[in-house]
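Good morning, colleagues. Please turn to the sequence and the structure, which I shall now put on the screen.

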Amino acid sequence: MPKPPPQITLFPGDREVLESWAKSLTMPHSLVERAKMVLLSSQGLAVKEIAAELSTYSNKIIQWRERYRTSGMLGLNDLPRSGRPSKHLKPLKEQVVELLGKEPPNGLARWDGPSLASELDVSVHSVWAVLRKEGIHLQRQRSWCISTDKEFAAKAADIVGLYLAPPLNAIVICVDEKPSMQALERKTGFVKTRNGTIVSAYQSTYKRHGTLNLFGALEVHTGKVTGKITEEKKRKDFIEFMDELVGEYAPETEIHVILDNYCTHKKNEEWLSKHSNVCFHFTPTSASWLNQVEIWFGIFTRKVLRNASFANKGQLREKIEAYIKSYNPGAEPFKWRKREVKGTQLRNSIENLIN
């Protein structure tokens with residue numbers, strides 16, 4: 001006659017906890033399995049029946065069943081293991097952050113995952129896990145530009161004031177040049193990479209067919225763009241563009257033009273004296289980002305010039321004119337959202353940002 005299995009009596013309050021463990025999809029698989037072993041044992045099932053139900057072996061069930069009988073729920077946890085003593089006294093996060101504040105080795109310009117892992121003698125996956133958790137992106141960069149113009153505040157306030165509260169019945173226009181756009185001819189298309197990803201591609205070798213310049217004017221309250229393509233960007237080209245631009249409005253219309261400090265934009269008093277309705281406003285030095293047409297030039301570069309191929313300068317001209325023509329019907333004004341930039345936002349140590 002076979003020996004009956006020993007009766008397992010659950011401790012008060014343990015059944016609900018064990019049942020929640022047994023159904024959990026997030027707990028470690030080992031704890032889920034042990035909870036099922038104890039629950040099935042409490043129902044009087046034999047060891048072989050439980051082993052078949054859970055696809056495991058009998059000795060394992062006997063071990064955890066006995067651990068529960070002697071120590072309750074605490075007995076289902078793993079015992080502390082001796083293992084090899086840790087080589088690192090500080091947590092890995094502190095070591096990574098501390099190392100990022102030091103000069104990288106072997107002539108490297110900046111730290112990366114493998115170099116950090118090698119220096120700390122840990123796996124690169126552990127380093128990447130720390131970097132992801134702390135939101136540290138070692139390869140992404142941001143640049144900043146600090147104007148040294150002593151009249152920065154007054155000039156910036158003048159321009160931003162035109163954006164946010166322009167004079168009544170006045171027109172505000174942002175003007176600048178996109179110089180030396182190259183008509184490059186090269187093969188372009190799509191390629192499939194080794195991992196199956198499909199990306200746009202272009203041949204590294206190319207033919208040069210010369211350059212063109214684009215004078216651009218953005219009407220702030222509508223977002224519409226006026227462009228003029230030229231072979232050069234001399235003062236006479238700028239004046240000709242301004243003549244065409246101002247000629248689109250009635251002579252009595254008050255026009256405010258925002259410009260950077262490029263030499264052809266300055267010393268045009270003779271032209272301004274003939275156009276008393278036009279007023280030039282210059283951005284502070286090293287602050288051309290205050291000119292909204294720069295935003296449009298960024299869009300234009302991505303949409304028309306980047307990775308493109310042009311058989312000649314005529315084709316480049318056609319593409320530019322076609323893009324401006326298609327852009328204006330759906331144009332909308334840009335919303336001025338530039339935040340205040342303070343020197344105190346820059347930190348020379350990553351520890352100042354993490355802690």
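This is a predicted model: local features need pLDDT of at least 70, side-chain atom pairs count only at pLDDT 80 or more; totals for chains, interfaces and linings use all residues.

**Helix packing and nonpolar cores**

Helices H5 and H7 are roughly perpendicular to each other, because their axes make an angle of about 85° and angles of 65 to 115 degrees are classed that way. H5 covers residues 92–100 and H7 covers residues 124–134, with 10 Å between the two axes. On the H5 side, the contact involves Leu92, Lys93, Val96 and Leu100; these meet Ser126, Val127, Val130, Leu131 and Glu134 of H7. Sorted by class, this contact has six nonpolar residues, two charged and one polar.

The largest nonpolar core has 34 residues, and Met181, Leu214, Trp296, Phe300, Leu316 and Ile320 have the most contacts inside it. Among the elements that give two or more residues to this core are strand E1 (170–185), strand E4 (207–219) and helix H12 (313–327). Helix H11 gives the most, with seven residues.

What does methionine 181 contact beyond its neighbours within four places in sequence? The partners are Gly210, Thr211, Leu212, Asn213, Leu214, Phe300, Leu305, Leu316 and Ile320. A second, separate core has 20 residues, including Ala35, Met37, Ile50 and Ala51.

Finally, consider phenylalanine 241, in helix H9 (residues 235–246). Is phenylalanine 241 buried or exposed? Phenylalanine 241 is buried, with a relative accessible area of 2%. Not counting residues up to four places away in sequence, phenylalanine 241 touches Val175, Phe215, Gly216, Ala217, Thr226, Gly227 and Lys228. From lysine 228, phenylalanine 241 is 13 residues away in sequence and 6.7 Å away in space, C-alpha to C-alpha.

Note on methods: Residues are numbered from 1 along each chain as its sequence is written. Side-chain values use heavy atoms; hydrogens and water are left out. Axes are lines fitted to C-alpha atoms, for helices over the stretch in contact, and angles run from 0 to 180 degrees between N-to-C directions. Helices (H or I, at least four residues) and strands (E, at least two) are DSSP runs, numbered from the N terminus. Angles under 35 degrees count as roughly parallel, over 145 as roughly antiparallel, 65 to 115 as roughly perpendicular and the rest as oblique. Contact means heavy atoms within 4.5 Å. Ala, Val, Leu, Ile, Met, Phe, Trp, Tyr, Cys and Pro count as nonpolar, Asp, Glu, Lys and Arg as charged, and the others, Gly among them, as polar. A nonpolar core is a set of buried Ala, Val, Leu, Ile, Met, Phe, Trp, Tyr and Cys residues joined through side-chain atoms within 4.5 Å. Buried means under 20% relative accessible area, exposed over 50%, partly exposed in between (1.4 Å probe, protein chains only).
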